Every structure is written in C-alpha cells, then in structure tokens.
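Please open the structure in a viewer and follow the selections below in order. Each stop names what to select and then describes what is there.

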Amino acid sequence: MSAGLAESATGRMALALTVNGRLHRVEAEPRSHLGDVLREGLNLTGTHLGCEHGVCGACTVLLDGEPARACLTFAGACAGAAVTTVEGLDEDEVAAELRAAFNREHALQCGYCTPGMLVAARDLVLRLPEADERRVRVGLSGNLCRCTGYAGIVRAVTGVIAARRARGIGPEAGAARPLGPVGARLGEAAAASRPPATPARAAAPAAVSDLAGDFAPAHRFAQAIDLAHPPEAVFALLNDIEAVAACLPGAVLAGRPEADTVEGGLQVRIGPIRATFRGRARIARDEAGLSGRVRGAGSDAGGRSATEGEIRYRVSPGPAPGTARVDLDVGYTLTGPLAQFGRPGLVRDLAGRIAAEFARTLDARLSGAVGPAPAALDPFRLALGLLRARLAAWRGRA
Amino acid sequence: MKPAAFAWERPASLDALLDRVADAQGHVKLIAGGQSLGPMLNLRLVEPDLVLDITGVPDLRQARVEGDALVLGACVTHADIEDGRVPDLTGGALQRVAAAIAYRPVRNRGTVGGSLVHADPAADWVSALIALGAEVDLARRGERRRLPVERFVTGALDVALRPGEILLGVRVPARPAATAWGYVKHCAKIGEFAHAIGAVRLDPAAGTGRAVIGALEGPPLLFADARPLFGGRIGPDFAARFDGQAADAALLSAGLADAVARHVHVTVLARAVAQAAKPTPLPLPEAA
C-alpha cells in the first residue's frame, strides 16, 4: 500500500490529495467522487455539482493541471493527484483576466455554471490562442449555462483570447504528461472493502395502475418469432402462464391473485446494467383469433425506474407447414433513471435478445423437453439459427 | 445521484489484475477513465460489488509501433491521441476521430479501451476502428487472443469478452498514404452521442475498401468489401460512383425499417465518402 492510500477498517480510503497547492489527507468511501470529496471533505464548495453524470460541466476542475469532470472521477481513481478548484485560481493570471472579462461582459447571472465555465475557458485560452467565436462556442459546448444564453460568456472568452493574441502570447506547449487518464497516478496501489451493507429498504410497492384504462405508450416496436411447431400448439402453450414464465429469461412468477392477473418479476440486463422489475400483469385472449394481449406495470427494486407496457400477440402459420409465427406488437413507457439513460434502441436490442432466448426455450418445451433445452440437439440449433436470422432482420429502428 | 456502495481495488501490475479478475467473487466491473461507467454508477444503473481500477497497470498505459501497426494500451485517452502523444500511422485519421469525441474534460480521462468494452453503438471508436481494420488484444490468466474489432463488438453494450478476460489494447494497422479516409458523424448537439456515423477506408489504386455505418441500435454495419457501394469498382473516381441506393438496401436488409433513419445514415455515409475524396491532410474537426 502506497503513501497515497490506505484502507481503514470501515470501508473508507485514506486519500492523499494536493488541493490548490496544499497536501490534504481525507477519508472517503470508494463510491465518493472527487466533487463530494472536495465539497464534503474539504469544504471547498466552489466546485458545483449539477447533473452528476458528466453532461453539464459545472463540476469541471483541474486534475494534474488538465480539466476533468469531478463527478466522474472516483476518489480512488485520483489518489496522489494534484487538484485545482476555482478557489485555487485566485492568483492565476489567465483566470484573473477571465474574471474581469466575465464581469465586464455580464457572463454570469446565477453563477452556478461559472466555476466549471472558468476552468473550461482557461483551458481554451491556453490551448487555442487562434480560436474565433465559433471555435469558442464549440469549445464551451460541454458546459451548460441556463441564464445567459452564452452571448456574454462567449464575448468574455473571445475577448481574453484576442487580448492575449494581441500581446503576442502563443499556445501553452502543455507539460509532458504520461499516457492515460489525467489524475491517475501509476504505482498508487489502492484498496477499500465495501462498506457494511445498510439494511435494504423495503422495496416500494410496484406502481400498478388498474391495468384497465387506455394506455398510450411512449415507444412501440414490432417483433416476430418463428417456432417449429403448429400454431394451435403454440397458442395453447401461451395460455400456460407457468410455462411462459419458465421460458422467459429472468422472469419469476410470484402469484396469481385472479384468473386473468399474474404477479411476478423480470430481471433484465443491458451490458453492465442489471434491473429487476416487479409488478402485475393482466392477460386477455381471443381464442378464435389465436391472439391475445398482456398489459403490465412494474417498478425496479428501489422503485426508482418504472415501466408500463402492453404486448399484443397473434399466432399465425409459419412459412413452412407445421410451423408458427408469433407476431408481437410491443408498446411501453419507461420512467426514472433507466429511461434517462436508455435510448429506445437499446431497449429494442435488449427485447430482441430476450425474445430470442424466450423462443428457444418455448420451442424446447413444445418439443417435450423439460427445463433448458440441451444446446446440442440439432432441431434447437435450427430454430436458433432461424431466430438469429429473424433477429438480424429485426434489429434496427422499427 | 450517488452510486451504491462498492469495494475498490487498484492492482499495480497486469498479472495482479488478471489474477483478481479471475478470482474475484460477485459482480466485478473494470474501470479506466470512468467516463462511460461513471454515469451508470452514479445513476445506479450498475451496482457492482467490486470496481477494479486498471489505470495503475503500466502495460495498459503504453503506445508503441509493432511492424506496421500502432498498438495502443487500453488506458490511452482520447486526448493522448488528439494531442499527438502517441505515434501516428494513420495519416491523422485517429487524431481527427479523437478530437471530436465528447468534450475536452471527458477526453482527458476517457480511454480507447474503455470505449470499446462499453460498446455503445453510438461511440466513435466502435465504428472508426472497425473501418480502419483494427484488432483488439485480449487476455485472461494464462491465455491471450486477438480479434478483429467487428467480431469483438457483438451488440449494443455487448462484447465478446469471456469470463475473466480483459482488453489489453487495440492494434491499428498503418494507413498508406494512397488510401482515402473519411469519417463523419451526425450529432444534433456538439459532443453528444452520434445519431449516425459513416466511415470509409478506400484504396483506389488496389480497388479495395471498407465502409462502416455506425450508431445503429446494434453493432455497426460493416462492408468488409465496399465495392458494391461504388457500382462494383473502387477507382480514383469513387466519390462520383458512390451508390446511396446500395447503402440504403443494405440498411433495409439489416432491419432498419425507418426510411428517415436510413436516409440520415446514407447521407452521413455519403459525406464520409466525399470527405475521403478531398486531399489530405484535413484540418482537425471542430471539437468541443
């Protein structure tokens, strides 16, 4: 363990940081980002936190002399680094010119974006002495301001650049720096265990509407799955809720309070994202038309993301005799952090992968297999290949 | 907007890292610059038990020329490439892509390896490195292998890493001066994720070329042989021969049903072709 970091028994890291020229030793949980370490640990509240996911730029600080997002730099990632916050720019020559220009041009109103704006602007002034107004606007596009409309900010930064150019000051060569993320020091070993788990919050009750009224989904897509079994057999199996749940990857059936209502959960994965939705669904079928409708609603464990959706399905004869095609019309609305991150395309990509696995296990069950289908059996390979082809054709914007 | 609690470790050598990845229990995530994983942790979309910081491993923070390929360690940042701190064998192609990724504070920490492993379909390196014919070096304890990037990226946020396996770096083949390069992305706001990406690497003298349509919902659409996009022949007049309908048909058969989306992707690819036809070196794109 290096001098920069040591693990204490509480799951916190003892962290050495040079902040605004002074060496500090702070304790932080591994999950604390640099913005919180500065604000909560060192009372340097000049660094502002806006979006906390790297978009707004309010938290931009200098890390080993280069601008970086404090909200996306975790404590353990910058052990031993030199940090300069807006408080540390009092004596900085370029920052002083920028402050005067911001004052002159009315480049701030509420001031929330200003610390990050000054750090980003200082970087532009030093790196791009030839920048014109357009280039300055482009260069500041990673810092959001909701008051000024940017006009004053751009005038201020452009003015400082022009003034320095008039004084014959060239671009800063940039100190030699090792390859890799700024602030990440080689040889700074670091470790902290996970803090003792706090008692889990009781899962918020799933946000379940009455599932009866009209539902206007925010997103819709269509999908088809092909199965090597007759339509009637497929439609019959789709009525067996336990079987359907067993075939649906990540699905757990918890109960069936009414004949047409089921309760349960669905665990989904998109890359590193893992979310478990719990909720309720109501099922309606049209026996004559070999079609049906599933309307459901649920929320994830913390009740932070919620979804409501409707799947309409119709079973029809497939391209070959004795085969079936299930056409799915999926509509859904997603709210919460998952929606903030997830673009509709990613949800469709995920739904495609779930559908492929669903069809594979459904096919296996229809063939009389119990449990997951053995992958070695040729008919399954065939069905899977068919599905992959469908999937490849389906991926894309519906 | 605070992550769920996780443990943090920062191995100091590649062997220690591979041992830890092989033996660690629970949900383990590797972090380099954290510019893609960080937001997902903060939003609690990802709640790992252990985060392994790989930026302390010297092997991953190197760049070198091996034969006619540039080998970039996984932790080389976009800004390292933008600023020319790594050798250039691509006639400025990598530099121009790097300079237009997100914003400067993001480029100062975001890494080429992290971007590839995160495999967001709209990320620049996913499309650009496929068009350049790059490969990735992968390793797990006692085992190494190499894959073309197009076989590494298998879906949206999905890659071909096996359990215990990490990405060591990326090998970018040299781009001879005679080849033409075009890379264009469409963003509604500067620095945001692209809505469409077009990339071409064409060799008019040899009559060969690769083309990529990226920022789709799955992995990029690669034309390993781009001749069908140019009426069957890639010559010095390739820009005039570009066939947007061939690209449109390929997108349609790949499942892109929305005609407007196809039009945007074909238009962006056409711009990449037009850019490739201009004499190099091109000025750096306007980057945030």
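The domain bounds used on this tour come from an automatic or database domain assignment. The model itself is predicted.

Begin with chain A and colour three ranges: residues 1–91 as domain 1, 92–172 as domain 2 and 219–394 as domain 3, as the domain assignment gives them. Next, keep domain 1 and domain 2 of chain A in view; their C-alpha centres are 24 Å apart. Their contact draws 14 residues from domain 1 of chain A and 13 residues from domain 2 of chain A. On the domain 1 side, select strand 4 of chain A (residues 60–63), which supplies the largest share of that side, three residues. The domain 1 side that touches domain 2 of chain A comprises eight nonpolar residues, five polar and one charged.

Now select helix 2 (residues 93–105) and helix 5 (residues 151–166) of chain A, which pack with their axes 8 Å apart at an angle of about 140°. The two helices of chain A are therefore oblique to each other, and helix 2 passes helix 5 in a right-handed crossing. To see the contact, display A:Glu97, A:Leu98, A:Ala101, A:Phe102 and A:Glu105 on helix 2, together with A:Gly152, A:Arg155, A:Ala156, A:Gly159 and A:Val160 on helix 5. Of the residues in this contact between helix 2 and helix 5 of chain A, five are nonpolar, two polar and three charged.

Finally, move to chain B and select residues 1–177, which an unreviewed UniProt entry annotates as "domain: FAD-binding PCMH-type". Over this range chain B is 29% helix and 26% strand, and the end C-alpha atoms lie 48 Å apart.

Terms used:
Residues are numbered from 1 along each chain as its sequence is written. Chains are lettered from A and ligands numbered from 1 in the order in which they are written. This is a predicted model: local features need pLDDT of at least 70, side-chain atom pairs count only at pLDDT 80 or more; totals for chains, interfaces and linings use all residues. UniProt positions are given in the numbering used here, feature names are shortened, and annotations may be inferred rather than shown by experiment. Helices (H or I, at least four residues) and strands (E, at least two) are DSSP runs, numbered from the N terminus. Axes are lines fitted to C-alpha atoms, for helices over the stretch in contact, and angles run from 0 to 180 degrees between N-to-C directions. Angles under 35 degrees count as roughly parallel, over 145 as roughly antiparallel, 65 to 115 as roughly perpendicular and the rest as oblique. A crossing is left-handed if the near helix is turned anticlockwise from the far one by less than a right angle, and right-handed if clockwise. Two residues are in contact if their C-beta atoms, placed from the backbone, lie within 7 Å. Ala, Val, Leu, Ile, Met, Phe, Trp, Tyr, Cys and Pro count as nonpolar, Asp, Glu, Lys and Arg as charged, and the others, Gly among them, as polar.
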